Each structure stands twice: as C-alpha cells, then as structure tokens.
Amino acid sequence: MIAMQEELNQFERSEVWELVPRPSNQSIIGTKWVFRNKMDENGIIVRNKARLVAQGYNQEEGIDYEETFAPVARLEAIRMLLAFACFKDFILYQMDVKSAFLNGFINEEVYVEQPPGFQSFNFPNHVFKLKKALYGLKQAPRA
C-alpha cells in the first residue's frame, strides 16, 4: 500500500493527470498495478515497488495514437558521450528512470480509468485525462 501511495504522490507532484467526467465519445484505457520486490545482494527483500501502468494493448492505431517509438541508445554512442565528457571535464547527471515517462507531454486526448483500489469516493464514475505520458501507452516512449 505504501509503494502504491508513493507512486500516486509522484503523479500528483508531476501533474500527470486531472479528474474529469467520463466522455461519451472517447475510448477509456484501463490501468493496472505492477509490483516488484527490490532485493539486496543476499536476496533479502529491501523494498516493495509498485508502478501504475496503462493497458496500452487496448489502444488502436489511428484512433488512440498515430505513431510509436522505441528509444534505443547504442553502446558506441554512450562510450563516445562518456569519453567526450571526460575530455572536456563535463559533469554528467543521471535522470531518475522511475519517473522518466512522467516528464513527457502527450499531444492526443487520452483518458484512463481510476487506479484499482484508489477510486474517488466523491466521483466514482470520473476518469483521468492525461496531461503527460504514462507507462504502457503506445505513444509514451515518443513523448
């Protein structure tokens, strides 16, 4: 429960979505929780992790999204970046991969169901309109 609440707090901080009435002419994409256990080198569970993902396999090309994209970095490009940074004494920073998708704005109107177990008591029939990408969407890597 704590891991799920941390994930939803991250969504609030990043302003990923807004709660709106259910539209009649738009398809609504479901959501589901994906759980993982983070372990140390001895195999002892250190932390429970939860990620809310959209069920993007329900999306139809041309209706829900226009194109997909797969971000790939070649090993040679990474080596060149590191070598150039060392040569020029640049400081490199690492981006938090956990919330990488939550930084990309999406162009299409996408509506997702409220997270299972965290539906609003006041507005149980409302859905979330996404402002930013969510894991599982077909257009998320492009954003």
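Me: Let's start with the overall layout. How many helices and strands does the chain have, and in which pattern do they follow each other?
Reply: The secondary structure comes to two helices and six strands. Along the sequence they follow the pattern α-β-β-β-β-α-β-β. Keep in mind that this is a predicted model.

Me: What share of the residues counts as buried, and what does the surface look like in numbers?
Reply: Of the 143 residues, 31% count as buried. The accessible surface of the chain is about 10,300 Å², and 53% of that belongs to carbon and sulfur atoms. For contacts, take the ones between residues at least 6 apart in sequence: 71% of these join residues at least 24 apart.

Me: Now the sheet. In what order do the strands stand?
Reply: The general idea comes before the case: strands of a sheet pair through backbone hydrogen bonds, in either a parallel or an antiparallel way. Here, four strands make an open sheet, ordered β1-β6-β5-β2, with mixed pairing. β1 (17-20) and β2 (28-29) are at the edges with a single partner strand each, so one side of each has no neighbour in the sheet.

Me: How many bridges join β1 and β6, and which residues are partners?
Reply: β1 and β6 pair in the antiparallel sense over four bridges. Among the partners, Trp 17 goes with Leu 130 of β6, and Glu 18 goes with Lys 129 of β6.

Me: What about β5 and β6, how do they run?
Reply: β5 and β6 run antiparallel, with two bridges joining them. Look at Lys 129 once again: in β6 it is the bridge partner of Tyr 111, and it is also the partner of Glu 18.

Me: On to salt bridges. How many does a search of the whole structure find?
Reply: The search finds three. To read one, look for a side-chain nitrogen of Lys or Arg within 4 Å of a carboxyl oxygen of Asp or Glu. Glu 6 and Arg 47 meet in such a bridge, at 4.0 Å from N to O. Glu 6 is in helix α1 (residues 2-14) and Arg 47 is in strand β4 (residues 45-54), so this pair ties together parts that are 41 residues apart in sequence.

Me: How accessible are Glu 6 and Arg 47?
Reply: Glu 6 counts as partly exposed at 37% relative accessibility. Arg 47 is partly exposed too, at 36%.

Me: Which residue does Arg 22 meet in a salt bridge?
Reply: Its partner is Glu 113, with N to O at 3.2 Å. This pair links distant parts of the chain, 91 residues apart: Arg 22 sits in the loop between β1 and β2, and Glu 113 in the loop between β5 and β6. Arg 22 has 42% relative accessibility and counts as partly exposed; Glu 113, at 27%, counts as partly exposed as well.

Me: And with which residue does Glu 76 form a salt bridge?
Reply: With Arg 74, where the closest N and O atoms are 3.4 Å apart. Glu 76 is partly exposed at 46% relative accessibility, whereas Arg 74 counts as exposed at 59%.

Me: Now Gln 114. Is it buried or exposed?
Reply: The reasoning goes through the cut-off: buried means under 20% relative accessible area. Gln 114 has 6% relative accessibility, so it counts as buried. You'll find it in the loop between β5 (111-112) and β6 (127-130).

Me: What does the side chain of Gln 114 reach?
Reply: Two backbone atoms to check here. A polar atom of the Gln 114 side chain lies 2.6 Å from the backbone nitrogen of Ser 120. The side chain also reaches the backbone oxygen of His 126 at 2.8 Å. Leaving out residues up to four places away in sequence, Gln 114 touches, among others, Leu 19, Thr 31, Phe 123 and Phe 128.

Me: Last one: which residues make the nonpolar surface patch?
Reply: Leu 75, Ile 78, Leu 81, Leu 82 and Leu 92 make it, and its area is about 450 Å². Leu 82 has a relative accessible area of 45% and is partly exposed.

Methods:
Residues numbered from 1 in each chain as written. Predicted model: local features only at pLDDT ≥ 70, side-chain atom pairs only at ≥ 80, totals over all residues. Heavy atoms only, no water. Patch = residues over 30% accessible without salt bridge, like charges linked within 9 Å, V, L, I, M, F, W, Y side chains within 5 Å. Areas by Shrake-Rupley, 256 points an atom, 1.4 Å probe, with all protein chains shown as cover. Buried < 20%, exposed > 50% of the residue type's maximum accessible area, 1.4 Å probe, protein only. Polar contact = N/O pair within 3.5 Å; in protein donor to acceptor, adjacent residues only side chain to side chain. Contact = heavy atoms within 4.5 Å. Pairing = 2+ DSSP bridges.
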